[in-house]
Amino acid sequence: MIIRIDELSDVPIYLQLRNQIVMGISSGELKSGEKLPTVRDLALEMGINTMTVSKAYQLLKTEGYIMTDRKNGARVRTEIKKEAYISDANKTELKRIVSEARISGVDKQELLSLVETFWEGGRTE
Amino acid sequence: MGILFSIIICVCILPVLFIMFFMLYPKSWKKSKLIFGVTARKEYAEGQTSEIVSNICLKRRGQALKILIGSLIIAVVLILFRNFILQTTVWMIYALISTTAMGLPFILGNKEMKSLKKSLGLEAGQKITYTDFNNAGAVHTLKLSKILPPNITGLLIVIIALLMDLKIIPISTGIAGKFICTGISVIFLLTEFLITAAAYIMDSLKNEVISSDSAVNANYNRAKKKNLSDFTVIFLWVHVIFLGGLFVTSLLYYSEIGLLISVFAYLIILMAGILIFIKRDRKIESRYSKEITVSEDEDDYWIFGLIYYNPNNKRLNVKKRVGVGGTVNLAHPFGKVIYAFIVLMMLYVFGSMIYLGMAEATPLKLRISEDTLVCHHLSDDYVIDFDSINSISLGEDVDSLKFYKISGFGMDNILKGIYSVDDNADCKVFLNPQNGNYIKIETDELTYYVGSETAEETSEIFSAIRPYIN
């Protein structure tokens, strides 16, 4: 899985990392029970502070996407809690995306097809 | 020593110039990932832009070729007219100028490519970095089992040299007990440790992301790192074999020709190793060029395409854009320290060149002052009290003596410092070997071999001292 970080984005790097890992789990690129790189290895590879990676992992753990223990490090949870619920924050974000798409003249079908693609696990740049 | 020194310098510098030429100025830019340190994009290969890029490459390659040929001609001239003063300084300046000059067309090419990129509107609006999540910290090819043996062999040589200098292992040559062999071996061993440390740093460099497929990235990075680790291991063995050879020959029989041959062989093998490394590296690049689907634009972080400055990257070490191995991030605090150290080292070398030039141009002077013989050269004064002299003689043939420098100067016109002379290591030398004659002075502690600016002056000083000696 390729992590794509925009250094000039307003979204903090730890959140971008968290989002990318969530997308990886959703698309199946990160399988259930799969071991994640250690905080140190990932920070070194990405050229960012270990605290940033640690914060992203901590958030993912709190949200129930990954589990961590001293012996095995971080892993994707084998059973992620299925609440079948979209948070208010995500609803607002989705509304913003739909609104922007409508203003810029994007066809509704095109937008739905994009949602379909993401739903099926495809990733676009 | 003059011609020997010139040849050693040429063997060191000229292959570097050739390697610089072939690495910085490839014949075809269309297959390269980078053009003068700027990321190659498909837009550059389109229509008129392709012609512009070709012209830039052709022009800069032509300039580099002219600089290469000019440097070769100057080297030949310097060898042929070797009887000039300030020889060491001239060669050092030559090395500095020729290598810098070879890089200049590259810097200009980098500037032109960045302007072209800007004019085409290809400047990055975002600063996107890619990381292969699955390969983070997972691709390493440097094996401890391969790195340890040459280091242990080097360490053994140091131990043997130390035991010889401590006279626990008896040897009959005059250099035993003077810690010359130990000193040389330790320097070589430290170099090996540095190479090993550098190799480990290279092995932990960020994995390049060329594809959205992690397996492709892993294979690509593994191939590149394997090439580098193979080269490092070979380099370490060549280094240790050279050290061993030098050690044995210096114990058995020291000769300038022997030294020249070993240095020559060492450098030839090293250069051959670098060429094989480059060839293999290019083969890997060519093999994976079809797999490239991800391209990271870091052009703005590369000053002249050579110096990396990225405050957003917390890594100290990054892969070089051009050349072998890695470089440091100048924006990193420790990177700044390393660059400052490099600048200081360059200033030191430059200062040394000036000092050596002054030393070479300043004649040696002997004078008698209040029952002492003063040997004066620059800021050095060797003072020999007449009372301490046991015997004094005038030698007419300096070439019949075998000098082996322990510390000090060793130039065509100056031998100054502690020397082993005819296997006697307790000697202080202060003479111009080109004059032919010398005064040999034996004291309780040391034997001096001294001479003045001219042979006549040396003879006069000898005649003047002789009546004082019983």
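Student: A residue is buried if 20 or more other C-beta atoms, placed from the backbone, lie within 10 Å of its own, exposed if 12 or fewer, and partly exposed in between. Which class does B:Phe304 fall into?

Tutor: B:Phe304 counts as partly exposed, because 16 C-beta neighbours lie inside 10 Å. Please note that this is a predicted model, in which local features need pLDDT of at least 70 and side-chain atom pairs pLDDT 80 or more, while totals for chains, interfaces and linings use all residues. Residues are numbered from 1 along each chain as its sequence is written, and chains are lettered from A and ligands numbered from 1 in the order in which they are written.

Student: Where does B:Phe304 lie?

Tutor: B:Phe304 is in the chain B loop between β4 (302-303) and β5 (307-308); strands are DSSP runs of E with at least two residues, and helices are runs of H or I with at least four, numbered from the N terminus. Its phi is positive, near 60°, although the residue is not a glycine.

Student: And B:Asp371, buried or exposed?

Tutor: B:Asp371 is exposed, since 10 other C-beta atoms lie within 10 Å. This residue sits in the loop between β8 (365-369) and β9 (372-377) of chain B, and takes a positive phi of about 60° without being a glycine.

Student: What is the phi of B:Asp422?

Tutor: B:Asp422 has a positive phi near 50°, in the hairpin of β13(B) and β14(B), where two residues separate the strands. Strands β13 (residues 415-421) and β14 (residues 424-431) of chain B pair in the antiparallel sense over six bridges; pairing requires at least two DSSP bridges. Within that pair, B:Gly417 stands opposite B:Val429.

Student: In what sense does β14(B) pair with β16(B)?

Tutor: The sense is parallel, over four bridges, with β16(B) covering residues 447-450. There, B:Cys427 has B:Thr447 as its bridge partner.

Student: Changing topic, how many residues does each chain give to the contact?

Tutor: Chain A gives 19 residues and chain B gives 21, with contact meaning C-beta atoms, placed from the backbone, within 7 Å. On the chain A side, β1 (2-6) and α2 (39-46) are the elements that give two or more residues. That side has ten nonpolar, four polar and five charged residues. Here Ala, Val, Leu, Ile, Met, Phe, Trp, Tyr, Cys and Pro are nonpolar, Asp, Glu, Lys and Arg charged, and the others, including Gly, polar.

Student: Which strand of chain B pairs with β1(A)?

Tutor: Strand β3 (residues 128-132) of chain B pairs with β1(A) in the antiparallel sense, over five bridges. A:Asp6 stands opposite B:Ile128 in β3(B).

Note on methods: Two residues are in contact if their C-beta atoms, placed from the backbone, lie within 7 Å.
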